[in-house]
Amino acid sequence: MSRSLFVRATVLATAAAIAAVLTGCAASGNRVTGADDSATPVAGGSLRFAVLDAPANLDPHSGSSYPESLITSNITDKLTYQNPETGAIEPWLAKSWEIDDRLTEFTFHLRDDVTFSDGSRFTADSVKENFDLLGRGNKELGIIPVTAYWVGYRDTVVVDPLTVKVSFDRPNAGFLQALSLYFSGIVGHSTLQLPKDQRGLARNLVTTGPFTVTEHVYQQKTVLKKRSGYNWAPASRKHSGEAYLDTVEIDVIPEAGVRTGSLRSGQVDAILDVNNTDETPLRNEGYRIVPQLIPGRDISLDLKTDLFPTNDRAVREAVKLGWNRDALAKTVLTDSYKVSSSVISSRVPGYVDFSAELKQDQKKAEQILESAGWTKGSDGIRVDRDGRRLELSLLGINNLVNNKPAYELIQQDLRKIGIDLKLNVLPIPDYTAAATQQQRWNIQVANQSRADVAVLEQVYSPQYGNMSKLAQTDPLYQQAITALSAVSTTLDPSRRAAAAEAAQRFLLVDQVLTVPVYNPAQVTAASPKVHNIGYEAQSRNVFYDTWIEPR
């Protein structure tokens with residue numbers, strides 16, 4: 001077989017293997033791309049798009065909040081592309097690749113027609129420079145490595161101007177998918193030379209994507225401009241060449257009612273973070289409602305094993321069984337969202353339905369607590385044999401419209417079985433600051449966007465995120481490493497599916513280290529004049545295919 005045929009066959013085989021693991025993944029969630037229609041796209045115009053939160057850091061390698069990664073997803077390209085419809089990993093800036101049998105070496109063959117927004121060419125040196133910073137960081141520049149996605153990174157070797165070989169010291173089955181994430185956007189040389197505090201400034205961003213940032217006013221707006229000459233989008237996108245829109249103005253409107261009012265009045269053309277009570281009325285008025293479930297770790301109550309009283313497995317089990325998921329679906333969520341049936345979204349390959357194990361059983365929860373020595377006090381809250389109250393402190397983010405109402409429902413239900421849940425639901429900046437005070441929180445709640453089962457190792461393994469705070473002296477420490485690392489050792493569909501099932505069971509059933517709540521979604525409402533509102537695979541809005549009818 002010729003080398004070109006071998007490379008092509010390798011790409012197809014890899015994509016097929018990953019797609020096989022994803023069978024049913026997209027279909028089991030709600031709609032995964034924007035509303036499509038038969039209208040002929042019209043180039044030009046400006047889209048005014050309103051969001052809840054303000055993006056503070058525009059550095060593509062470290063801007064982690066949704067509004068930040070929404071912007072960087074539109075200005076950067078990645079080596080690989082995850083198709084949001086099928087979940088398959090497809091070529092983008094890398095036109096093909098090979099993987100060794102151990103899943104530790106990845107050789108990429110790059111496109112030869114890509115340029116950065118400053119006119120410089122994209123080459124193998126660009127990849128090495130980006131990957132070395134992502135995998136190793138740079139202390140002098142204040143850049144920390146993105147270890148969660150680049151576990152075990154060794155180096156990137158330039159084989160020739162359009163070929164690189166990336167190596168790891170351990171198997172990394174999720175690496176191709178990790179390369180498609182918003183953290184992995186390719187950034188230009190001049191940007192990468194800057195210290196951390198300057199890399200995220202709009203004027204310093206050099207990227208290869210279909211848009212560039214022309215204006216950024218914190219807490220007010222960010223303006224994206226179409227890049228002339230762009231012509232290297234993934235083949236499965238709805239069109240090729242330049243983006244249709246001339247500009248996209250992303251306005252910060254924190255209040256849900258004001259966002260909806262701005263849409264109705266025509267001040268903006270589309271809004272994100274649609275209030276639940278507004279979905280049906282807006283749809284009935286003719287607006288496009290475009291939801292997409294966010295793949296990855298669902299909104300979950302991560303229980304800390306290093307703090308009283310969540311160090312008691314009986315308490316963790318009672319939290320899992322003590323609240324009503326049916327009530328959550330009926331009173332808090334809309335059809336755009338789903339009550340969790342596992343710690344990962346149904347859109348993640350390897351997802352297993354654990355609904356039966358998560359079903360509410362308050363009677364059983366109370367029996368478990370009684371058996372563990374927790375008895376109800378005069379105020380209805382349980383105490384242990386030493387008289388200590390069963391009080392749990394929860395830290396959550398107020399960045400999604402359902403978060404606080406969901407936690408309040410859980411709080412009410414848990415009180416009925418004698419658990420006093422204290423809620424601290426904060427805006428992103430305050431949450432980030434509070435999260436550094438780990439000894440304050442029995443429960444930390446968030447989600448993690450990533451359409452690959454490796455997200456479980458990334459978040460929960462004691463080697464990496466260790467969200468359960470397992471101590472090295474705890475017998476669960478090594479058990480967790482073993483159970484969670486298995487998902488990264490194979491691309492064989494059946495073996496990876498088995499590892500994924502075992503990892504979910506370990507977290508949810510065997511040790512109850514986390515209690516999933518709901519699968520969040522991004523919900524966009526748009527004027528009927530706006531077409532092809534869509535998302536990339538991790539549910540960030542992308543505007544490359546979007547177009548708007550002339551005003």
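## Helices α17 and α18

In α17, residues L476, Q479, A480, A483 and L484 meet A499, A503, F506 and L507 of α18, a contact being heavy atoms within 4.5 Å. By class, this contact of α17 with α18 has 8 nonpolar, 1 polar and no charged residues. Here Ala, Val, Leu, Ile, Met, Phe, Trp, Tyr, Cys and Pro count as nonpolar, Asp, Glu, Lys and Arg as charged, and the others, Gly among them, as polar. Helices (H or I, at least four residues) and strands (E, at least two) are DSSP runs, numbered from the N terminus.

Two packed helices are described by the angle between their axes and the distance between the axes. The axes of α17 (residues 476–485) and α18 (residues 493–510) come within 9 Å and cross at roughly 150 degrees. For this reason α17 is roughly antiparallel to α18. Axes are lines fitted to C-alpha atoms, for helices over the stretch in contact, and angles run from 0 to 180 degrees between N-to-C directions. Angles under 35 degrees count as roughly parallel, over 145 as roughly antiparallel, 65 to 115 as roughly perpendicular and the rest as oblique.

## Basis and confidence of the model

This is a predicted model, in which local features need pLDDT of at least 70 and side-chain atom pairs count only at pLDDT 80 or more, while totals for chains, interfaces and linings use all residues. Residues are numbered from 1 along each chain as its sequence is written, and side-chain values use heavy atoms, with hydrogens and water left out.

The mean pLDDT (the predictor's confidence in each residue, from 0 to 100) of the protein is 92, and 93% of its residues reach 70 or more. Over residues 1–35, however, pLDDT stays under 50; for this stretch the model has 77 contacts beyond four places in sequence. Where pLDDT is low, the predicted coordinates should not be read in detail.

## Helices α8 and α9

A256, T260, L263 and R264 of α8 meet D278, P281 and L282 of α9. The residues of this contact of α8 with α9 divide into 4 nonpolar, 1 polar and 2 charged.

## Salt bridges

Side chains of opposite charge can pair when their charged atoms come close. A salt bridge is a side-chain nitrogen of Lys or Arg within 4 Å of a carboxyl oxygen of Asp or Glu, and by this rule the count comes to 30 salt bridges. One of them joins K226 to E242, with the closest N and O atoms 3.9 Å apart. This pair links distant parts of the chain, 16 residues apart: K226 is in strand β9 (residues 221–226), and E242 is in the loop between β9 and β10 (247–252). E242 is partly exposed, with a relative accessible area of 32%. Buried means under 20% relative accessible area, exposed over 50%, and partly exposed in between (1.4 Å probe, protein chains only).

R382 and E370 also form a salt bridge, at 2.8 Å from N to O. Here R382 in strand β16 (residues 382–383) is linked with E370 in helix α13 (residues 362–371), distant parts of the chain 12 residues apart. R382 is buried, with a relative accessible area of 1%, whereas E370 is partly exposed at 41%. D420 and K422 meet in a further salt bridge (3.2 Å, N to O). Salt bridges that share partners join D379, R389, E391, R415, D420 and K422 into one network. Within this pair, D420 counts as buried at 6% relative accessibility, and K422 is partly exposed at 37%.

## Surroundings of V530

V530 is found in strand β22 (residues 530–531) and is buried, with a relative accessible area of 0%. Not counting residues up to four places away in sequence, V530 touches L47, D269, R288, T546, W547 and I548. The C-alpha atoms of V530 and D420, 110 residues apart along the chain, are separated by 47 Å.

## Backbone exceptions

Most residues other than glycine have a negative phi, and most peptide bonds are trans. A cis peptide bond joins F308 and P309, with omega about 0 degrees; P309 is placed in the loop between β13 (296–303) and α10 (313–321).

L103, a residue other than glycine, has a positive phi near 60 degrees. L103 lies in the loop between β4 (94–99) and β5 (105–110) and is buried, with a relative accessible area of 8%. K469 has a positive phi of about 55 degrees although it is not a glycine. The place of K469 is in the loop between α16 (454–460) and α17, and K469 counts as partly exposed at 24% relative accessibility.
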